[in-house]
Amino acid sequence: MDTKDDGISRSVVEASPAHYIMKIQSFSLLTNNSIERYESGKFEAGGHKWKLVLYPSGNKSKNVKDYISLYLALDESSSLHPGWEIYVNFRLFLFDHNNDNYLVVQDAAKKERRFHRMKIEWGFDQFIPLKDFNLGSKGYLVDDTCAFGAEVFVCRERNTGKGESLNMIKDAHPYKHAWEIKDFSKLDSECCDSKPFNAGNYKWKIKLYPKGKGTELGRYLAMYLALANPTSISPGSKIYVQTTLLIHDQKQGRHQIGKANYWFSASSHEHGFSRFLLLSSFNSQYWGYLVKDTCLVDVEVTVLGVVDALS
C-alpha cells in the first residue's frame, strides 16, 4: 500500500516508529467520557521535546468530522530559544494488529515543517477515516486497543532575530497609593521621593519637585510617576500605564489632578508633569494644597499592557 491523496502519503512499514509509541486501551471511552483532545507524554527527538496530540473524533475547531485527527506538537516548555525556528520532517504511525505492521502517514512531498513559538503544531486533520479505523478487518482497533507513533527528524534550525510580545491586559485594575508630606517647607532637596509601592507587579514611586524642574524651575511644582527599580526591567520590555496624580485641596475640595498614559521602560522610567501646579497657587493661603505645612498626594496606577522581548 502506497497512496497519495491531497498531499498526504500513506504507506505500510514493518519497523516500529523510532521515537515514540502511544498505546491506548479502551479507546472508545475517550469519546464516551467527553475527551475531545488528548496529549501524550513528552518525548525527545533531535534535541527537542515533543508530544502527540490526538482528537479521537476529529478536530472540531477545524470542523473535522468522521476522521481521527493526529498532530505532532513542540512542547511549549522545551528548551527552544526565543526567535529560533526548527525545520522538521516527521512521520505519524498507526499499528495494524492483524498484519503486525504500521500504517505511516506523512507529507507526500516530504516537505519540511517549520516549528516556532507562533506555530508549535503540525499534523493531519484527516489522519484516518473513523469507518476504516473502527473496521475490525483493518486491524487498527482490536479489543478496543490501538497504538499511534511518531518519528521526528530535525533537518535544520535557524535564528530569526529579535522580536517582542505585546500583552494588553483585559479588565486592568487600578492601584492607588496615598502620600502624606509633612514639614513641606523644610524640604531642601531638588526632588522628594515617596516610599516605593506595588502596582501591577511592578514597584513605583512618586517624585515631587517642590521648587519645579527644568525650564519651569521656580514657577511650577512638578510631579512624576517613576519606576522604583528601572534596572530590573529587561531591555526591550515596556509597560503601558495610565496614571492619575492628585494634590488634595484640603479646604475647598478643588483638587489638582493630572491624568495621562505613558510607556515606561528601563531607559524611560519617569513620566509626569513639569507644570503640575503653579507654586503661587500651591503656597496660597486661599487654597488648601498646603495646610499646616502638610501636603496630601494621591496616585492611581493602571497597567494596561506589557511588552516583553522575545530574544
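Guide: Let's start with E270, whose side chain makes a polar contact of 3.0 Å with the side chain of Y209. A polar contact is a pair of N or O atoms within 3.5 Å; within protein, one must be able to donate a hydrogen and the other to accept it, and residues adjacent in sequence count only if both atoms are side-chain atoms.

Visitor: OK, and what kind of model and numbering is this?

Guide: The model is predicted, so to speak plainly: local features need pLDDT of at least 70, side-chain atom pairs count only at pLDDT 80 or more, and totals for chains, interfaces and linings use all residues. Residues are numbered from 1 along each chain as its sequence is written, and side-chain values use heavy atoms, with hydrogens and water left out.

Visitor: Which strand is E270 in?

Guide: E270 sits in strand β21, residues 270-278. Strands here are DSSP runs of E with at least two residues, numbered from the N terminus.

Visitor: What joins the side chains of E270 and K213?

Guide: A polar contact of 3.1 Å. Leaving aside neighbours within four places in sequence, E270 is in contact (heavy atoms within 4.5 Å) with K207, Y209, K213, Y224, L225, A226 and F264.

Visitor: Switching to β8, why is it largely enclosed?

Guide: Because 10 of the 13 residues of β8 (residues 84-96) are buried. Buried means under 20% relative accessible area, with a 1.4 Å probe and protein chains only.

Visitor: How many bridges join β8 to β12?

Guide: There are 11, and β8 and β12 (residues 145-159) run antiparallel. F90 stands opposite V152 in β12. Two strands pair if DSSP finds at least two bridges between them.

Visitor: And β9?

Guide: β8 pairs with β9 (residues 101-107) in the antiparallel sense over 5 bridges, with N101 as the bridge partner of D96. Their hairpin has 4 residues between the strands, and D100 there takes a positive phi near 55°.

Visitor: New topic: how much space lies in the largest pocket?

Guide: About 350 Å³, where a volume is the space filled by probe spheres set on grid points joined across faces, edges and corners. A pocket is an open set of points on a 1 Å grid over the protein atoms alone, where a 1.4 Å probe fits, with protein on both sides within 12 Å along at least five of seven lines; lining residues have an atom within 4 Å of a point.

Visitor: Which residues lie nearest its centre?

Guide: F90, D107, R113, G123 and F124, out of 19 lining residues. The largest share of the lining, 5 residues, comes from β11.

Conventions: Buried means under 20% relative accessible area, exposed over 50%, partly exposed in between (1.4 Å probe, protein chains only).
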